[in-house]
Amino acid sequence: MKTKEELIQLLKTNVSEFNEYRYKTNYEYINLRWANLSEANLSYADLSEADLSYADLSEANLSGADLSYADLSKANLSGADLRGADLYGATINESQIQTMLDVLNFKIREDKWKL
């Protein structure tokens, strides 16, 4: 079993090898709480069911990543590229939803909801 520091280093340097490690360990629990993964290229990383709470994922490339059922509560997602990421069942908070909408330049027009 790899340490948290080894997992972070592996993610930053070789996502394919990280994914292979997840497969070989039968997708064991991954604790990446408070991990600094800012600006990392995590495209297609298998982070399903990982604990990423309070992690710094700012400006990270998470396109195509599997974040299903991951705990992203309180994670910094500002500027993160989440295009094509699987967020099914992920734990996120309200401010993170607004951050994601801002990245997509998606605005909700309040006048549409007036009665």
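**Close-up 1. S68 sits in the loop between helix 2 and helix 3.** The model shown here is predicted. Is S68 buried or exposed? Its relative accessibility is 12%. Buried means under 20%, so S68 counts as buried. Which residues does S68 touch, leaving aside its neighbours within four places in sequence? The contacts of S68 are S48, E49, D86 and Y88.

**Close-up 2. Helix 1 has a buried side.** Helix 1 runs over residues 4-13. Which residues of helix 1 are buried? They are L7, I8, L10 and L11. Why do these residues share a side of helix 1? They span an arc of only 165 degrees around the axis, and this places them on the same side. The general rule is that an α-helix has 3.6 residues a turn, so residues three or four places apart point the same way.

**Close-up 3. The other face of helix 1, and a cover for the buried one.** Which exposed residues lie on the face turned away from the buried side of helix 1? That face carries E5 and T13. The buried residues of helix 1 have a cover that includes helix 2, residues 15-24.

**Close-up 4. W34 and Y54 form a stacked aromatic pair.** How many aromatic pairs are there? The count is two. In the pair of W34 and Y54, the distance is 4.5 Å centre to centre. The planes stand 10 degrees apart. Planes under 30 degrees apart count as stacked, so this pair is stacked. Both W34 and Y54 lie in the loop between helix 2 and helix 3 (94-103). The pair therefore ties together parts that are 20 residues apart in sequence. W34 counts as exposed, at 58% relative accessibility. Y54 has 33% and counts as partly exposed.

**Close-up 5. Y69 and Y88 form an edge-to-face pair.** A pair of aromatic rings is described by the distance of the centres and the angle of the planes. What are these values for Y69 and Y88? The centres are 5.6 Å apart, and the planes are at 80 degrees. Planes over 60 degrees apart count as edge-to-face, so the pair is edge-to-face. Y69 and Y88 each lie in the loop between helix 2 and helix 3. Their pairing ties together parts that are 19 residues apart in sequence. Y69 is partly exposed, with a relative accessible area of 47%. Y88 counts as exposed, at 58% relative accessibility.

Conventions. Residues numbered from 1 in each chain as written. Predicted model: local features only at pLDDT ≥ 70, side-chain atom pairs only at ≥ 80, totals over all residues. Heavy atoms only, no water. Buried < 20%, exposed > 50% of the residue type's maximum accessible area, 1.4 Å probe, protein only. Helix = DSSP H or I, 4+ residues; strand = E, 2+ residues; numbered from the N terminus. Arc of directions from axis to C-beta. Contact = heavy atoms within 4.5 Å. Phe/Tyr/Trp six-rings, centres within 6.5 Å; stacked < 30°, edge-to-face > 60°.
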